[in-house]
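Subject: The structure for you to look at

Hi,

Here is the structure I said I would pass on.

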Amino acid sequence: MHSPVTLCNLVLCTSLQTLFDRYRLRIRHVAARAAIPGSFWGDSEAGLIGDTLFLRGDTPVHSALHEGCHYICMDRDRRARLHTDAGGDVAEENAVCYLQGLLADRLPGFGRCRLFADMDSWGYSFRLGSARAWFEHDADDARQWLQAHHIIDDDGRPTGRLRR
């Protein structure tokens, strides 16, 4: 059983949609207790099919951010055939986790610190023992990957671009 994490309430879903609009990723809401289409992990975890992120009211915000960041970080060919499994390699997965941290700060009332606490509570594991420690001290490779793909600029700010 996980400790409580921040869920996709109406205010955060609105902020998520505003955030993902610049990446042309739509959010579709799923009825309570209905299966979430495109969810790789099932239960309340966010789902991805094509350019649509599927969420329920009990979907953790960190899950919505994570799947949205997969969409941003995958190449055009994978986005074109995306259904449930975002795929990618370890380097891309690290970049996705790093981008989550950057984009979390663009969600009013949520932010990076809450994201890291939720990720730790949910069971993400990092070499340095916490999501925050990894982000601050062990994520140079993820940052470089994001810069190389023009997803963040040289100052570490998201560009609003999808990986090509």
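A quick word on naming before anything else: helices (H or I, at least four residues) and strands (E, at least two) are DSSP runs, numbered from the N terminus. By that naming, His62 sits in helix H2, and I'll come back to it below. Please also keep in mind that this is a predicted model.

**The whole protein**

You'll find seven helices and three strands in it. Going along the sequence, the pattern reads α-β-β-β-α-α-α-α-α-α. The radius of gyration is 15 Å, close to the 15 Å that the globule rule gives for 164 residues, so the protein is as compact as a globular protein of that length. Along the principal axes, the C-alpha atoms fill a box of roughly 40 × 35 × 25 Å.

Of the 164 residues, 49% are buried. The protein exposes about 8,300 Å², and carbon and sulfur atoms supply 49% of that area. As for contacts between residues at least 6 apart in sequence, 57% of them join residues at least 24 apart. On the charge side, there are 20 positive and 22 negative charges, and their mean positions are 6 Å apart.

How far apart are the end C-alpha atoms of helix H2? They are 18 Å apart, which agrees with the 18 Å that its 13 residues (61–73) should span at 1.5 Å a residue. The helix is mostly covered, with 13 of its 13 residues buried.

Leaving out residues up to four places away in sequence, His62 touches Val5, Gln100, Leu115, Asp118, Met119, Trp122 and Tyr124.

**Two arginines in loops**

Most residues other than glycine have a negative phi. With that in mind, take a look at Arg24, which has a positive phi of about 60° although it is not a glycine. Arg24 belongs to the loop between helix H1 (10–21) and strand E1 (26–29). Is Arg24 buried or exposed? Its relative accessible area is 57%, so Arg24 is exposed.

Arg33 also has a positive phi without being a glycine, in its case about 70°. You'll find Arg33 in the loop between E1 and strand E2 (47–49). Arg33 is exposed too, with a relative accessible area of 79%.

Arg76 lies in helix H3, which covers residues 76–80. Arg76 is exposed, at 53% relative accessible area. Which residues does Arg76 touch, not counting those up to four places away in sequence? They are Arg163 and Arg164. Asp154 is 78 residues away from Arg76 along the chain, and the C-alpha atoms of the two are separated by 23 Å.

Arg143 is in helix H7 (residues 140–148). At 24% relative accessibility, Arg143 counts as partly exposed. With residues up to four places away in sequence left out, Arg143 touches Tyr98, Phe135 and Ile152. Gly156 is 13 residues from Arg143 along the chain, with 7.3 Å between their C-alpha atoms.

Cheers

Key: Residues are numbered from 1 along each chain as its sequence is written. This is a predicted model: local features need pLDDT of at least 70, side-chain atom pairs count only at pLDDT 80 or more; totals for chains, interfaces and linings use all residues. Side-chain values use heavy atoms; hydrogens and water are left out. The radius of gyration is taken over C-alpha atoms; the globule rule is 2.2 Å times the number of residues to the power 0.38. Buried means under 20% relative accessible area, exposed over 50%, partly exposed in between (1.4 Å probe, protein chains only). Contact means heavy atoms within 4.5 Å. Accessible areas come from the Shrake-Rupley method with a 1.4 Å probe; for residues, only the protein chains shown count as cover. Lys and Arg count as positive and Asp and Glu as negative; His and the chain ends are not counted. The place of a charge is taken as NZ of Lys, CZ of Arg, CG of Asp or CD of Glu. The expected span of a helix is 1.5 Å times one less than its number of residues.
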